[in-house]
Amino acid sequence: MTDHPDCRVALILGGGNALGAYHAGVHQALEDAGVSPDWIVGASVGAISGAIIAGNAPAQRTARLTDFWRPAPEDTRDWSAIPDDWRRSGEVLGTMLGGRSGMFHGVGTTLLDGKPALYDTAPLARTLAALIDVDRLNGGPIRYTATAVELDTGADAIFDTAERWVTPDHVRASGSLPPGFPPVTIDATRYVDGGLSANLPLDPVLSAPGDAPRLCIAVDLLPLAAPRRDTLSAMVERMQDLTFAIQSRRSIAAWQARYAHDPALADRSVTLAHLAYADQDAEVAGKAMDFSPRSVRARWDAGRRDAAALLARWRAGGFPIGRAGLHLV
């Protein structure tokens, strides 16, 4: 892929719940190109996707991602009689009412019985235990990091296999976004979604990229820009996107400034490839709760297509790998 054989690849996966099927497509494009990251960092659903990749042998990764996401097979039937936005909105409502098998289910009369969240993620704990080889996650060739936030103090938390033993509970804690999903308690500390602090968790890698040239492929599920639409549902969707996408923009700008002025980072070579799931015209308000197989397939295919285009630019020599500093491509 590159004339810098020492280049190391980090895969940074952001949050977005059901939109995380895009991550699976990105992984498949990397697999197609023979590119294997040595470090995966994830927040929220990015932590889940990342743990499935890092916690399996190369030959099993795509199959395990398929088990988790359950995309629709190739479908040549004509669905034009049912408008896609109607279908997607119906899928969102179905998930909100019934949950998602293997991930979460409703807890009933939450407001009356004092439950801390609308859903119970015990099914996700069982799914992660089945899909992830914890020994490989902690001792395999890919360093794995999940981010979270301490609920009671607001402090950032980093679960890094280079520093501690990471379990499925740590992975689940990274995706525990209240009030939908309950906090996860580990060693008497309650943790919630890492995306509340940084939905695109750049900090672990950019603060310590290593001495070798580093390519960071940072996958953002929520677009900063979008076509103008003036419906109420479109406004709801945009507010959801901007809440997290502006985080990413500010974080990238802050790291660019730090690399420009911090002597400790001045001689490091980091290329940041910011890959966003930007083509979301077909998505609807509540898209993060649309786990339908057809929507999963569309997002998976989009991730594979977009990542393949990114890798083609790298192959063509379009990335400044090896140059000192932080370079955004």
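The largest pocket in this structure holds about 740 Å³ of space. A pocket here is an open set of points on a 1 Å grid over the protein atoms alone, where a 1.4 Å probe fits, with protein on both sides within 12 Å along at least five of seven lines. This is a predicted model, in which local features need pLDDT of at least 70 and side-chain atom pairs count only at pLDDT 80 or more, while totals for chains, interfaces and linings use all residues. Residues are numbered from 1 along each chain, and side-chain values use heavy atoms, without hydrogens or water.

Back to the pocket. Its lining has 33 residues, and nearest the centre lie Asn-17, Leu-177, Phe-181, Ala-288 and Met-289; a lining residue has an atom within 4 Å of a point.

Next, the aromatic rings. The whole structure has 10 aromatic pairs, meaning rings of Phe, Tyr or Trp (its six-membered ring) with centres within 6.5 Å; planes under 30 degrees apart are stacked, over 60 edge-to-face, and the rest tilted. Phe-104 and Phe-181 have ring centres 4.9 Å apart and planes at 55°, so this pair is tilted. Both Phe-104 and Phe-181 are buried, which means under 20% relative accessible area with a 1.4 Å probe, protein chains only. Phe-159 and Tyr-191 are edge-to-face, because their planes stand at 85°, with centres 5.1 Å apart. Phe-159 is buried at 1% relative accessible area, and Tyr-191 is buried at 9%.

Which residues do ring pairs link into a cluster? They are Phe-68, Trp-69, Phe-104, Tyr-119, Phe-181 and Phe-291.

Note on methods: Grid points are joined across faces, edges and corners, and a volume is the space filled by probe spheres set on the points. Buried means under 20% relative accessible area, exposed over 50%, partly exposed in between (1.4 Å probe, protein chains only).
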